[in-house]
Amino acid sequence: MILDAIFSPEFLNNTLRATTPILFAALASAIASKSGVINMALEGIMLFTALFGVIFSAAFQSPWLGLLATMAVGGFIGFLLAFFVLRLKTDEILAAIAINLIANGATILILLFVSGDRGISSSIQSIIIPRITLPIIKDIPFLGEVLSNQNVLTYISLIMVAVVHIFLYKTPLGLQIRAVGENKDAAESVGISSKKIRYISLTLSGVIASLGGFFLSGGYMTKFTIGMSAGRGFIALAASAMGGNTPIGSFLVSLLFGAAQALSNILQLGAWPHELVQMLPYATTLIGLGVYSYSRMKKRQRLTGR
Amino acid sequence: MNSNTKLNILRTLLAVFIALLISFGIIFLTSEEPVKAIVQLLTGPLQSQRRFGNVIEAMIPLIFTGVGISIMFAANEINLAGEGAFHLGGLAATYFALNTALPPVISPLATIIVAGLCGMIVTGIPALMKIKTESDVLVSSLMMNYLILYFSTYILSNILRDPKAGAVVSYAVPSVTQFGTIISGTRIHIGLFIALAVAVLAYVFLYKTKLGYELRVTGENREFARYSGINVVKITLVSQLVGGTIFGIGGGVELLGMYNRFTWTSLLGYGWDAIIITTLAKKNPIYVPFAAFFLAYLRTGASIMSRSTDVVTEIVTITQGIIILLVVAEQFLSKYKHKIIAREAKAALVEKEGE
């Protein structure tokens, strides 16, 4: 019965849906990591932007203008992280933890201040980004049911995989980002300002993560609830690390974690104890990380002949 | 005290001051009665014995978590599973106390040992994964927290739940296992002494033993430590096992002292509180109780403030975040530092010429 559920087009459709926020964050993490900085603040950025998405889409009465404004917020937080790490020489992990902490408190405070709501943004009239049916594709058996009728942001996330790939591997700026990440001093010696590149990378990282944050409260769900990023920013760190910080690798691993999330969502409705089922995405990430790291270690040992 | 230490203290105080100013600014912007709120936040805990008792009660778990993370951070192991270790410690303490019938004194002692062992497992898994598969401790330890949360909630609602109680809570821990209060009129319990003892022992371990020295050297520079013949794999394991044990004991102590029933259905955030404490204490366990007192005072003040005004307690997490950012920022006050160094160098020159 469960197997039937897993191989149904419905499940794969849900998998893409659940993958979307993780994928955005994983792409964000990939760009930051390629430039040589770990962006652990993704969790906080997603939480902040999930809230601002609701606020802005209600204020502008347009999800698209709301999304645009939210992206600016995400970029700003990414820039702030860069400022602390690069200008003030703050440890990148501790700076990110601080941002995540601030996000936890500030989202509650801002929600209360803006709407008087506690816990969930029930009185904010936010507008979500719609789902669309794809012409032609929707008529293809099976595949149509999987791919069509998704949220526009889900399609954007898939397109972003290609965009980030081209950006990193086919543009001069992408090359500079990778150069700084590979060897900062070598990049500096040919006249690349590593600071500037990292500012750009972290800001971009924030912008892309904000799409994931917006999706959480304006697509995946229809309201903001406190703590709704629920570790997805951290899962995304694992996804991009396991995907070798490449966009395509990050996408494949995100799909795996998205599937675990979707499976957990389905099983919670059944007879299974929902607490144990909720462990699935995190357990998958932990085990996946172990398997990936182990094979990478073996490969390196083989290459160095030890 | 050399000028560097003095400067460090000055920087930390200034960071705290700025963070508080920013928080006051936020209170002024959002509150209808900002002055009352700020007065409550700053002086609330001093207004009665019970309230000051609340500060000490809140300080106890923070000491454990601050010491636990200081040991892991001193070895430069960024293991953030302390949150989960604390949580599981509380669960294990409840489970063990409910399923054993031991005499007084032995019972609470055995219970917190079990809690410590369970905490050790939680931080031990990422440590073993790092050693056996070279997995990044940061990510694996974060995943542990969520796994422990859902696992604990499962055990609570399916095994330990007291059906007679209205909410989802466990059966009450037998009274022989519970900690008594040591000061009447407050809920301050014997765990305070355990916490302070742990802080002192951890200080002795880190600064007065060979293993502790090796641990700190490895934390400073792993490659140097390896070449000096230190078994860095052992250090990786030991630091995280010890750290997790302390977190686990903290969870057990908190449960026996303050709760008596397991009621935790969400992560309590002690793992993150530990970060600010170790930041303020500069990874030195002996300073941890002071940092824990500061945070506990702020928390208690915030809680009093939120009860009597329209400002919510979460304002404190913002203060915490800003303090971490400023204290860790190496360049914060760096110009001033350079000035001091230049002045001292000049003074030394003048002295030499005078000879």
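Visitor: Why is Ser57(A) called buried?

Guide: In this predicted model, the relative accessibility of Ser57(A) is 1%, and buried means under 20% relative accessible area, with exposed over 50% and partly exposed in between, using a 1.4 Å probe and protein chains only, so Ser57(A) counts as buried. Ser57(A) sits in helix H3 (residues 42-60) of chain A, where helices are DSSP runs of H or I with at least four residues, strands are runs of E with at least two, and both are numbered from the N terminus.

Visitor: What is in contact with Ser57(A), leaving aside its neighbours within four places in sequence?

Guide: Contact means heavy atoms within 4.5 Å, and the residues in contact with Ser57(A), its neighbours within four places left aside, are Phe52(A), Ser62(A), Pro63(A), Gly66(A), Ser126(A), Ile127(A) and Phe214(A). A polar atom of the Ser57(A) side chain lies 3.1 Å from the backbone nitrogen of Ile127(A).

Visitor: What makes His189(B) count as buried?

Guide: Its relative accessibility is 0%, and for that reason His189(B) counts as buried. His189(B) belongs to the loop between helix H6 (137-160) and helix H7 (191-208) of chain B, and the residues it touches, not counting those up to four places away in sequence, include Ile60(B), Phe179(B), Val253(B) and Met258(B).

Visitor: Why is Asn76(B) called partly exposed?

Guide: Asn76(B) has a relative accessible area of 46%, and is therefore partly exposed. Asn76(B) is placed in the loop between helix H3 (49-74) and helix H4 (82-99) of chain B, and its phi is near 60°, a positive value in a residue other than glycine.

Visitor: Why is H11(A) called oblique to H6(B)?

Guide: Helix H11 (residues 232-242) of chain A packs with H6(B) at an angle of about 140°, the axes being 10 Å apart. Angles under 35 degrees count as roughly parallel, over 145 as roughly antiparallel, 65 to 115 as roughly perpendicular and the rest as oblique, so H11(A) is oblique to H6(B). The contact is made by Phe234(A), Ile235(A), Leu237(A) and Ala238(A) of H11(A) with Val139(B), Leu142(B), Met143(B) and Tyr146(B) of H6(B).

Definitions and conventions
Residues are numbered from 1 along each chain as its sequence is written. Chains are lettered from A and ligands numbered from 1 in the order in which they are written. This is a predicted model: local features need pLDDT of at least 70, side-chain atom pairs count only at pLDDT 80 or more; totals for chains, interfaces and linings use all residues. Side-chain values use heavy atoms; hydrogens and water are left out. Axes are lines fitted to C-alpha atoms, for helices over the stretch in contact, and angles run from 0 to 180 degrees between N-to-C directions. A polar contact is a pair of N or O atoms within 3.5 Å; within protein, one must be able to donate a hydrogen and the other to accept it, and residues adjacent in sequence count only if both atoms are side-chain atoms.
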